[in-house]
Amino acid sequence: MVARYRHQVPRNQSLPDIWLISDERNDDALEDALASLPRGSGFIYRHYHLDGPERLGRFHDLKRLARAHDHVIVLADSALTAAEWGADGIYGAPRALWPRRDGLLHLATAHDLREIGLANRFGTDAVLLSPVFGTKSHPGAPSLGPSRFRLLAGHSLAPVIALGGMNSHRAHTLGWPRWAAIDGLS
């Protein structure tokens, strides 16, 4: 049985309000996007389309630029890999983030109440709840919409980061302080 943990951002980290998420389709724009983000924003490196050494090499190139702007860097991979690569945290489904590794941010993905419950149970530091709005990655797929997003977000013990069709205008309209985007920031 997994104990329920209260979220706690590691002492050497703060949880940014704005997060850029990498993807194959925004790869060519990442350098400009990282440089134009507000200082101290977050960067989630996924790059699932690259294998082994190529993925690691691209990570290190982007990490140098992100560090120059004081961005928090989170890796979509294991805690062991994140520590080896010098990331500040890990990103993935709630169960994939267990067991907790001290010193790393744990950012969980969630799409429904069950996944928020798992994120609560496993003590994540933040939940990326999606899709708030329609997205280019999943055209025509149902989205949560503002009301359902707020209802689900209210069940999270950790701060919630809005994801899915987000940009600065939609974040302002939603009135949500923390948000993430792939296309909306690149």
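Two strands are said to pair if DSSP finds at least two bridges between them. With that term in place, I turn to the structure above, which is a predicted model.

In this model, 8 strands form a closed barrel in the order 1-2-3-4-5-6-7-8, and their pairing is parallel. On average, neighbouring strands of the sheet are turned by 25 degrees against each other, with direction ignored.

Strand 6, residues 126-129, and strand 7, residues 160-163, run parallel and are joined by 3 bridges. Within this pair, V127 stands opposite V160 of strand 7.

Next, a helix. Helix 2, residues 52-68, lies across strand 2 (42-45) and strand 3 (72-75). Its direction is at about 160 degrees to strand 3.

I now come to the nonpolar residues. In soluble globular proteins, nonpolar side chains tend to be buried together. Which residues touch the most other members of the largest nonpolar core? They are L129 and F149, in a core of 43 residues. Apart from neighbours within four places in sequence, F149 is in contact with L129, V132, L144, V160, A162, L174 and W176. There is also a second, separate core of 16 residues, and L105, L107, A126 and L128 are among them.

Finally, the open space. The largest pocket holds about 490 Å³. Its lining consists of 28 residues, and those nearest the centre are T135, S137, H138, L163 and G164. At least two lining residues come from strand 5 (105-110), and at least two from strand 8 (179-181).

Conventions: Residues are numbered from 1 along each chain as its sequence is written. This is a predicted model: local features need pLDDT of at least 70, side-chain atom pairs count only at pLDDT 80 or more; totals for chains, interfaces and linings use all residues. Side-chain values use heavy atoms; hydrogens and water are left out. Helices (H or I, at least four residues) and strands (E, at least two) are DSSP runs, numbered from the N terminus. Axes are lines fitted to C-alpha atoms, for helices over the stretch in contact, and angles run from 0 to 180 degrees between N-to-C directions. Contact means heavy atoms within 4.5 Å. A nonpolar core is a set of buried Ala, Val, Leu, Ile, Met, Phe, Trp, Tyr and Cys residues joined through side-chain atoms within 4.5 Å. Buried means under 20% relative accessible area, exposed over 50%, partly exposed in between (1.4 Å probe, protein chains only). On a 1 Å grid over the protein atoms alone, a cavity is a set of points where a 1.4 Å probe fits but cannot get out, and a pocket is an open set with protein on both sides within 12 Å along at least five of seven lines; lining residues have an atom within 4 Å of a point. Grid points are joined across faces, edges and corners, and a volume is the space filled by probe spheres set on the points.
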